[in-house]
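I am opening a notebook on a structure that is new to me, and I want to look up a few places in it one after another.

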Amino acid sequence: METKTSQPLELFPAPPKQLLDDPEIVYSQEFLELLSTFPKEKNVFGVDIYQYNGFWFTKLPLYGIIESLKHFEPRKNDVFLVTAPKSGTTWLKAIIYTLLNRQVHHPQDPHHPLLTNTPHQLVPFLVLLKPSEYDSISNSPDSSTRIFGAHLPVNGLPKSVIEDNGSYPSSICIENAFDLYSRGVSGSGPVWDQIIGYWNESLKRPHKVLFMRYEDMIKEPHCQLRRLALFLGKPVSEEEENIGLLDQIVSLCSIDNLKNLQVNKSGTDKRALKNDTFFRSGKVGDWNKYLTAEMAAKLDHITQDKFHGSGLSL
C-alpha cells in the first residue's frame with residue numbers, strides 16, 4: 001500500500017448548526033445540570049461531545065436519547081434499524097421500508113415513495129423526534145409497526161424495546177479523526193462496544209435482534225433480503241420469488257439508483273444537512289483510499305482485542 005500523507009479530508013461536509021442543536025428546543029434545567037456532570041471532549045469538528053453510559057454523543061442526540069428513555073412507548077411490532085454512523089444506514093432504511101411496504105407500494109410502482117422522499121424522511125431517527133411526534137409516525141401498513149433508525153448502543157434504547165415484555169471546519173485532518181475514532185470518541189462510539197452489544201443481544205434474543213453485516217448484504221443481497229424479510233415477519237413468498245421481487249427491491253434500493261434520484265441529489269433534511277451527503281461509494285474496502293497501512297493495522301488490532309472471545313470475527 002502506498003504511503004499517504006496528512007491532508008485535509010472531506011470525510012463529511014461541514015455540519016450545519018441544526019445538526020448539532022435545534023434552536024426550537026428549550027432544554028430543561030434538569031437536562032443541562034445532568035449534561036454538566038458528563039465527561040466532555042471536542043469532536044473532529046471542534047464541537048462538545050459528551051460521554052453517557054460509556055458512549056459519546058453531541059448535545060442534540062443525547063437529549064433525544066434521554067427523552068426517549070423517559071417517554072417512548074413501543075408498539076408490538078416496532079422495527080429499529082440500529083447501525084454505526086456511515087455503515088449503510090441510508091441503504092438499509094430504504095430496503096426495510098420497501099420490504100415492509102411492498103404490498104401497498106410495489107418496488108416497480110412509478111409513484112413509489114422512495115422516488116420522491118429520502119430514506120431518512122420515510123424512516124426517521126428516533127432521537128431526532130420530539131416525544132409528541134412518536135405516535136404520528138406511520139411508515140408501514142400495520143398500525144402496530146413503525147420503523148425507526150438509530151445510532152445507539154443497546155443501553156441507549158428504551159428498555160422495553162429490547163426486553164421480551166414489550167461555524168464549523170469544512171474539512172478535517174485524517175490523523176485527528178483517526179485518533180478520536182480509535183479512542184472511541186466519535187458519535188455513538190466506541191463503535192466496537194456498540195457492535196458487541198448488539199451481537200450479544202442477537203445471541204440471547206434472536207427473535208428480537210437480527211445482526212447483519214454490510215459485507216454480506218453486498219455479497220449475497222438475495223439471501224440477506226430473505227433473512228431480513230423473515231425476521232420482520234414478512235417472508236418472501238414463492239410467487240414473489242418467481243416474479244423477481246428480490247431483484248426489483250435490490251434495483252430500487254441500490255446505492256447508484258438512490259444517489260441519482262433528484263430528491264437525494266438536492267435539498268436538505270430538517271436539520272439543514274444536504275441530502276446528497278448520505279450517499280458515498282457504497283463499496284466494501286473504500287477505506288483504503290484514506291487510511292495508511294499503519295492505521296488499518298491499528299484498527300484491526302483494536303477490533304480483534306474487543307471482539308476476542310465473543311464469537312464475532314472480522
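These entries cover a sheet, a helix and a single serine.

I am working with a predicted model, and I began with the three strands that form an open sheet in the order β2-β3-β4, with antiparallel pairing. I noted β2 (40-42) and β4 (55-57) as the edge strands, since each of them pairs on one side only. From one strand to the next, the twist averages 35°. Looking at strand β3 (residues 48-52), I found three bridges that join it to β4, and I saw that Y52 stands opposite F55 in β4. I then turned to helix α3 (residues 59-71), which lies across β3 and β4 and runs at about 30° to β3.

I asked which residues of α10 (residues 221-231) are buried, and I listed Q224, L225, L228 and A229. Seen down the axis of α10, these buried residues fall within an arc of 135°, so they line one face of the helix. I traced what they pack against and wrote down α4 (89-100), α9 (214-219) and α12 (245-252). Just after α10, I noticed that G233 takes a positive phi of about 80°.

I followed the side chain of S310 to the backbone oxygen of F307, which it reaches at 2.6 Å. Leaving aside neighbours within four places in sequence, I recorded I196, W199 and L203 as the contacts of S310.

Conventions: Residues numbered from 1 in each chain as written. Predicted model: local features only at pLDDT ≥ 70, side-chain atom pairs only at ≥ 80, totals over all residues. Heavy atoms only, no water. Polar contact = N/O pair within 3.5 Å; in protein donor to acceptor, adjacent residues only side chain to side chain. Contact = heavy atoms within 4.5 Å. Buried < 20%, exposed > 50% of the residue type's maximum accessible area, 1.4 Å probe, protein only. Helix = DSSP H or I, 4+ residues; strand = E, 2+ residues; numbered from the N terminus. Arc of directions from axis to C-beta. Pairing = 2+ DSSP bridges. Axes fitted to C-alpha atoms, helices over the stretch in contact; angles between N-to-C directions.
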